[in-house]
Amino acid sequence: MGIHPPYPSFTTPDTIDDFFVAGRNLWPDLADLKQLTYDREQVPDEVVRFLRSTCLNEHGVAHYLGSYFHNYHNDFKLRFWSAMWTAEEYTHYIVLRRIIQGLGDDLTPRDFAGLEDGDYVENFLAYLDDIRVDKSMDSRMLQLIYGVLQEYGAVIAYTAAAEQCNDEGMAKILRRVAKDEMRHCRFNQVALEAMMEHCSEDEKALVWPQFRAIWGDLQMPTEHIAYFSEIGATDLYTSLWDGEKRSKIILYLSHYFQKFRQYTKDPATT
Ligand SMILES: [Fe+2]
Ligand SMILES: [Fe+2]
């Protein structure tokens, strides 16, 4: 049995390079963040709970990388993206853990063991299979559409945490994390758009209904790791969302995906 030849890549080396360079520039002060201190009394409990859970979630990237590799097949450029993305999410883990330590708290060995024990890849792939609108869909397309939703969910979650944390220094860092998440969202969009230039009309027709299907049963990665339900954190992304944030997400996502609606067979009915 030979190794499957690489699938054609739709993203160019320049696309990857541009994202790589921008990502390197975002955390020039990473080493300095060791010195953070905060007044725990000022920070609402739900924000601290969010920070602990999301820090652990950012540490979950080793799980998430498994599904990326699976769904991106052997696409050479998307392999690079997976590696860069993993490093950037791991940076968020480091930043968030330093904030938590600055609050006088920390993740525990039980947290790490609980997270690492999860059978995420199996659960997540079963969810994606369930939600796939057409069996013939290239799983890169499915992963990229999901990626736009997931990363934008992260943008909104970190933005909400920045607004609610009552500490300007912490808020600044959380807004920087949100900016990174927006870059991740944007990469999924750019890669999806590049794919569209090479797709058949039948494949293009699947994007809008696939977006609607995922939005209709949106399950975030945390919902596929048992430990998050043990600590009551499956609502991690949404715990700080209010009605206004939810409307912002719906508006942003429908606005973005709207342009794919024209490719559906009968846009009037979908
Ligand atoms: Fe992140
Ligand atoms: Fe991200």
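Predicted model: local features only at pLDDT ≥ 70, side-chain atom pairs only at ≥ 80, totals over all residues.

Leaving aside neighbours within four places in sequence, which residues is E203 in contact with?

Reply: Once you leave out the neighbours within four places in sequence, E203 is in contact with D138 and M141. E203 itself belongs to helix α9, which covers residues 201-204. Now look along the sequence to K265. E203 and K265 are 62 residues apart in sequence, yet their C-alpha atoms are 11 Å apart in space.

Among contacts with a separation of 6 or more, 86% join residues 24 or more positions apart.

So what is the chain built from? There are twelve helices and zero strands. The radius of gyration is 19 Å, close to the 18 Å that the globule rule gives for 270 residues, so the chain is as compact as a globular protein of that length. Along its principal axes, the C-alpha trace spans about 55 × 45 × 35 Å. Buried residues make up 36% of the 270.

Next, the inside. In soluble globular proteins, nonpolar side chains tend to be buried together. Here the largest nonpolar core has 63 residues, and those touching the most other members are L51, I99, I145, A157, Y158, A161 and L174. Several helices each supply at least two residues of this core, including α1, α4 and α8. The biggest giver is α7, with 16 residues. Pick out I99 and, not counting residues up to four places away in sequence, you'll find it touching L36, L51, M170 and I173.

The axes of α1 and α4 come within 11 Å and cross at roughly 10°, which makes α1 roughly parallel to α4. On the α1 side the contact is made by I16, F19, F20 and G23, and on the α4 side by K77, F80, W81, M84 and E88.

For a contrast, jump to α12, residues 243-258. Of its 16 residues, the number buried is one, so α12 lies largely in the open. From first C-alpha to last, α12 reaches 22 Å, close to the 22 Å expected at 1.5 Å a residue.

Methods:
Residues numbered from 1 in each chain as written. Chains lettered and ligands numbered in written order. Helix = DSSP H or I, 4+ residues; strand = E, 2+ residues; numbered from the N terminus. Expected span 1.5 Å × (residues − 1). Buried ≥ 20, exposed ≤ 12 C-beta atoms within 10 Å, placed from the backbone. Rg over C-alpha atoms; globule rule 2.2 N^0.38 Å. Contact = placed C-beta atoms within 7 Å. Core = buried A, V, L, I, M, F, W, Y, C linked by C-beta atoms within 7 Å. Axes fitted to C-alpha atoms, helices over the stretch in contact; angles between N-to-C directions. Parallel < 35°, antiparallel > 145°, perpendicular 65-115°, else oblique.
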